[in-house]
Amino acid sequence: MQIERVETYPLLYRLAQPYGDANGCKKYRTCYLIRIITTSGADGWGEAVDWLPTLDKGFRERIVPYLMGKRVTDRLRLVEVIGKWHQRSAAAVSMALTEIAAKLAGLSVCELWGGAYHTSIPVYASFQSYSERPDWAEHSVRLVEQQVQAGFRRIKVKIGGRSWQEDRRHIERLMASLPADVQVAVDANQSYDLAAARQWERVFSRYENWMWLEEPMPMERTEEYAKLRQALSIPLAGGENLIHCHQYLPLLKQGAVDIIQPDPMHADGVDGFRFNLQVGRQFGHRVSPHVFDGSLARLYAIYAQACLPAWSKMDADPIEPVEWDVMENPFTRLFPVTPVNGQVALPGGAGIGVEPDWQIINALRWDGSAYA
């Protein structure tokens, strides 16, 4: 079974109003999809994230010519070769070849991976809290309240992009507005040093409905994470930009975090992504995938969680949640799966079980012009 054709779909959406995190505000959202089609007609979709001109040029000039005529059953070797050129492109190829393998076997992705332990997966509403509005904090709280009313019982908001005092007022206003059964995570995008991160314990100690503090400091500061973990009353999480298993090992072995957060588009393909999840579980840690970009990557994260054994024996909390982007972003609907009361039921059928929304693809296909 050989690869006959590779289609590429660079997509761009300009935001009506910029929003962002501690790294700055976004003015657009992008998505890069590929579709691999075999000589038998079986196809599979993949997704990558990076600057669109880089991705598009790399795929058209190097990756697509390399893939033509290759056997789809050589997935691991093909992904390894492409990963040496560009890791994020390899992640997209890995997704597409995994779906083809499942379709050829007449199986869902979960069945291909050995079967699901869970029929539905919890998701948390992920927000970009900052905007250019003078009332950004009030606006952020309103956005969260809307999603809580829509059924989400877990949410994540941003800190680290303003002064500690301003961020604290935002979080305190938010916590006062939420029902006690809504769990909250805060993400600092590696903005602090140890002393600044420790200040948040003054806020954490006042409430009981926390999920975690995410990436308060640069992730390579393993020893400082271990010290911070001892000083906080809530779990520490991180690792979205780590690629290889050996990068997680210092965090796991030194007890520096409670929760690791691999991202399927930042790993060595979906096989490497699943391996990172499983290593975390073997070390007795929780795993909650990071998937802010892309609905196809999120679907693979949901499938990977479904195939992961429960982290505890507590029936009320069998599996950790997956991130769900709720900001203005049409790409979150590209592969239409809808959460109900903060839970996503696994789609049925062979492969990934859903088809992309061609209306979104055709409407937002990037024409090569400047982003702004």
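Rings of Phe, Tyr and Trp (for Trp, the six-membered ring) pair up if their centres lie within 6.5 Å. In this predicted model, such pairs link Trp164, Trp200, Phe204, Tyr207 and Trp210 into a cluster.

Tryptophan 45 belongs to strand E3 (residues 43-48), while phenylalanine 335 is in the loop between strand E12 (322-325) and strand E13 (343-345), so the pair ties together parts 290 residues apart in sequence. Both tryptophan 45 and phenylalanine 335 are buried.

Tyrosine 66 and tryptophan 85 make another edge-to-face pair, at 5.1 Å centre to centre with 80° between the planes. Here the partners come from helix H1 (residues 52-67) and helix H2 (residues 75-85), respectively, so the pair ties together parts 19 residues apart in sequence. As for burial, tyrosine 66 counts as buried because its relative accessibility is 16%, whereas tryptophan 85, at 30%, counts as partly exposed.

Tryptophan rings also meet charged side chains. The charged end of arginine 286 sits over the ring of tryptophan 311, 3.9 Å from its centre. Likewise, arginine 298 lies over the face of tryptophan 324, 3.5 Å from the ring centre.

Arginine 298 is also one of the buried residues of helix H12. This helix (residues 295-306) has 12 residues and spans 16 Å from its first C-alpha to its last, close to the 16 Å expected. H12 is mostly covered, with 12 of its 12 residues buried.

Conventions: Residues are numbered from 1 along each chain as its sequence is written. This is a predicted model: local features need pLDDT of at least 70, side-chain atom pairs count only at pLDDT 80 or more; totals for chains, interfaces and linings use all residues. Side-chain values use heavy atoms; hydrogens and water are left out. Helices (H or I, at least four residues) and strands (E, at least two) are DSSP runs, numbered from the N terminus. The expected span of a helix is 1.5 Å times one less than its number of residues. Buried means under 20% relative accessible area, exposed over 50%, partly exposed in between (1.4 Å probe, protein chains only). Rings of Phe, Tyr and Trp (its six-membered ring) pair if their centres lie within 6.5 Å; planes under 30 degrees apart count as stacked, over 60 as edge-to-face and the rest as tilted. A charge sits over a ring if NZ of Lys or CZ of Arg is within 6 Å of the ring centre and within 35 degrees of the ring normal.
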